[in-house]
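Trainee: Could you show me how the words used for a structure follow from the numbers behind them?

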Amino acid sequence: MQKILVFILLVAAMGCHSQSSPIIVQGQVLDASDKLGIPGASIVQKGTNNGVISDAKGFFEIKMDSTKETKLIVQFVGYETQELKAQEKLIIKLSQSSNSLDEVVVGYAKEKPVGSIFKQRASQSIRRAEYEMAPMIYGSSPMPREEREEYANLKETGFIRTSNQALTTFSADVDRASYSNIRRFLNNGSTPPQDAVRIEEMLNYFDYNYPEPKGNEVLAFKTDLSNSPFNADLQLLRVALQTEKIDTKDLPASNLVFLIDVSGSMGSDNKLGLLVKGYKLLVSQLRPKDRVAIVTYAGNTRVALKSTSGGNKEIIIGALDGLMAGGSTAGAAGIELAYAEAKEHFIKNGNNRVILATDGDFNVGLSGVGELERMIEKKRESGIFLSVLGFGMGNYKDNKMETLADKGNGNYAYIDNLQEARKVFISEFGGTLHTVAKDVKIQIEFNPKYVKAYRLIGYENRILAAEDFDNDKKDAGELGAGHSMTALYEIVPSGVESKYLSKVDDLKYQKQTIVSDDFMTLKVRYKAPKSESSVKKEIAVPYHLQTWDSTDADFRFASAVAGFGMLLKDSEFKGEIELKDVISWGQNAKSSDLEGQRSEFVQLVKLSESLINSKLKSR
């Protein structure tokens with residue numbers, strides 16, 4: 001009997017060992033000489049493909065398989081490799097190698113050795129670490145990062161003469177992905193590609209103190225006109241929309257499907273690892289009347305969790321914790337299955353939504369932007385909305401994800417850290433999940449008495465034809481509960497000569513007598529979430545010019561954000577402004593800044609200035 005008992009205990013111990021918990025290691029990689037954090041160092045569990053890359057300050061977190069070798073290999077080009085035993089907390093100091101190569105290969109390009117100064121090191125380190133860890137991150141042979149990431153090529157809108165076209169029409173947009181993606185580039189030590197910079201998404205990332213709608217109104221409008229801080233003799237117009245802020249407990253029931261990319265390209269902590277943590281934050285906000293299903297896709301698709309009440313949080317979190325990455329990327333098939341699951345549990349008068357989390361790298365089945373666009377256009381007729389969350393770097397496909405969200409009547413965000421996940425899923429929970437107005441369009445008619453020419457800053461892929469404004473079949477943007485939308489126009493006043501305007505002969509047959517003293521007429525058209533017929537609101541805006549210095553903090557901060565965007569894009573319309581101007585404007589327009597977002601913006605601009613100065617000095 002005693003022998004039998006000992007045997008049972010041994011078997012139980014073996015079972016516990018085989019199902020042992022993973023080891024979570026957190027730490028920082030430092031330069032032994034100056035104690036500065038090393039960004040882009042590779043930290044790999046010995047004998048496995050399990051690895052992570054340190055962030056902009058050298059911090060990392062890795063989940064290790066305790067059934068395998070529990071040592072870490074820490075490497076960074078130009079430094080001695082270290083092998084050390086895993087511990088819960090680690091401070092790793094790397095010493096510079098005396099045998100540094102004269103040149104190191106990065107992707108397909110050669111670069112000079114990385115020095116010990118952080119500003120010089122940061123821009124190259126991430127690329128080198130990505131190259132060394134490419135097989136585990138990408139699941140394929142390495143390519144330079146900028147060749148793997150894809151962004152739509154958008155040409156800036158130039159000035160339009162009012163005498164030729166007094167009407168300007170565009171779709172409202174509250175996507176915010178571009179700003180957090182730009183932040184990712186800067187924090188990793190490099191400036192973003194110009195096509196990654198969408199100024200409207202930078203503007204709409206921030207909270208503004210706009211007046212909320214009154215009574216039964218869905219939208220409130222605000223306009224302001226000042227002199228332009230970018231170009232002398234020009235003017236700057238702000239057009240702002242604000243929806244009502246709704247308490248979370250008062251939101252309609254939600255039928256959500258988490259559509260999660262678990263392909264091989266997602267197998268790193270800043271992708272699937274961060275994704276799972278973000279979704280857990282969302283689960284913490286759900287009520288028993290809400291429902292969640294989980295659909296995953298890689299080489300094939302499956303329902304990882306059937307629709308479950310939001311009250312059963314442990315079950316949902318357990319399903320999230322069980323996700324693992326591997327295989328190719330059948331994204332279109334995943335979308336089909338997710339919509340089918342959402343349709344099966346459709347809540348009438350509720351919020352029915354698929355939330356797609358991916359790096360956008362679809363490579364099986366439908367994968368082209370046009371094919372995906374046509375598929376999503378058909379799916380939105382079901383009354384199910386699609387929101388898209390982008391993760392990761394290196395093979396990021398921004399162009400596909402923005403298209404999916406735009407055509408799916410949803411929003412698009414980029415999650416670069418857990419704080420951003422908290423912002424999307426907790427701070428902005430209502431706006432993220434509950435649409436209050438869809439197909440929102442804005443049309444302005446400028447009075448040539450005051451406006452010689454105008455230019456919409458940003459929104460390049462949101463421009464609509466004048467006749468689209470009254471066409472209810474034309475898709476446009478969506479606004480959620482508590483959303484604010486900001487658009488800026490730069491104005492060439494009547495009688496002012498501008499270098500941005502080419503000479504055009506006066507028209508012979510289009511002259512008319514102007515009888516109005518209005519500066520412009522603002523029209524907004526939108527639909528209720530369940531309606532296919534739009535409502536139009538129209539207001540005449542009188543001419544009232546104020547100095548830029550006398551405008552409110554929100555106006556001046558939005559100007560700073562737009563100015564930063566134009567400098568990042570090297571816009572021909574940036575005038576004489578410099579990064580130091582943007583820093584000053586941002587610092588003086590922080591207002592209350594309860595979440596610290598405006599302070600972070602100023603720090604990002606300072607970081608951008610440092611990176612640019614470092615590059616200039618190294619030439």
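Mentor: Gladly! Helices (H or I, at least four residues) and strands (E, at least two) are DSSP runs, numbered from the N terminus. Here the protein chain has 16 helices and 26 strands, and just after helix α11, Asn409 takes a positive phi of about 55 degrees. This is a predicted model, where local features need pLDDT of at least 70, side-chain atom pairs count only at pLDDT 80 or more, and totals for chains, interfaces and linings use all residues. Residues are numbered from 1 along each chain as its sequence is written, and side-chain values use heavy atoms, leaving out hydrogens and water.

Trainee: What makes α11 largely enclosed by the rest of the structure?

Mentor: Buried means under 20% relative accessible area (exposed is over 50%, partly exposed in between; 1.4 Å probe, protein chains only). In helix α11 (residues 398-407), 9 of the 10 residues are buried, so the helix is largely enclosed. Across the 619 residues of the protein chain, buried residues make up 54%.

Trainee: Why are α7 and α8 called roughly antiparallel?

Mentor: Helix α7 (residues 269-285) and helix α8 (residues 313-321) pack at about 170 degrees, with axes 10 Å apart. Axes are lines fitted to C-alpha atoms over the stretch in contact, and angles run from 0 to 180 degrees between N-to-C directions. Under 35 degrees is roughly parallel, over 145 roughly antiparallel, 65 to 115 roughly perpendicular and the rest oblique, and α7 and α8 are therefore roughly antiparallel. Where they are in contact (heavy atoms within 4.5 Å), Val276, Tyr279, Lys280, Val283 and Ser284 of α7 meet Lys313, Ile316, Ile317, Leu320 and Asp321 of α8.

Trainee: How do you know that Phe159 and Tyr500 are stacked?

Mentor: Rings of Phe, Tyr and Trp (its six-membered ring) pair with centres within 6.5 Å; planes under 30 degrees apart are stacked, over 60 edge-to-face, the rest tilted. The Phe159 and Tyr500 centres are 5.5 Å apart and their planes lie at 10 degrees, so this pair is stacked. The whole structure holds 25 aromatic pairs.

Trainee: What makes Lys423 sit over the ring of Tyr205?

Mentor: The rule asks for NZ of Lys or CZ of Arg within 6 Å of the ring centre and within 35 degrees of the ring normal. The charged end of Lys423 is 3.8 Å from the Tyr205 centre, and Arg598 lies over the face of Phe557 at 4.5 Å.
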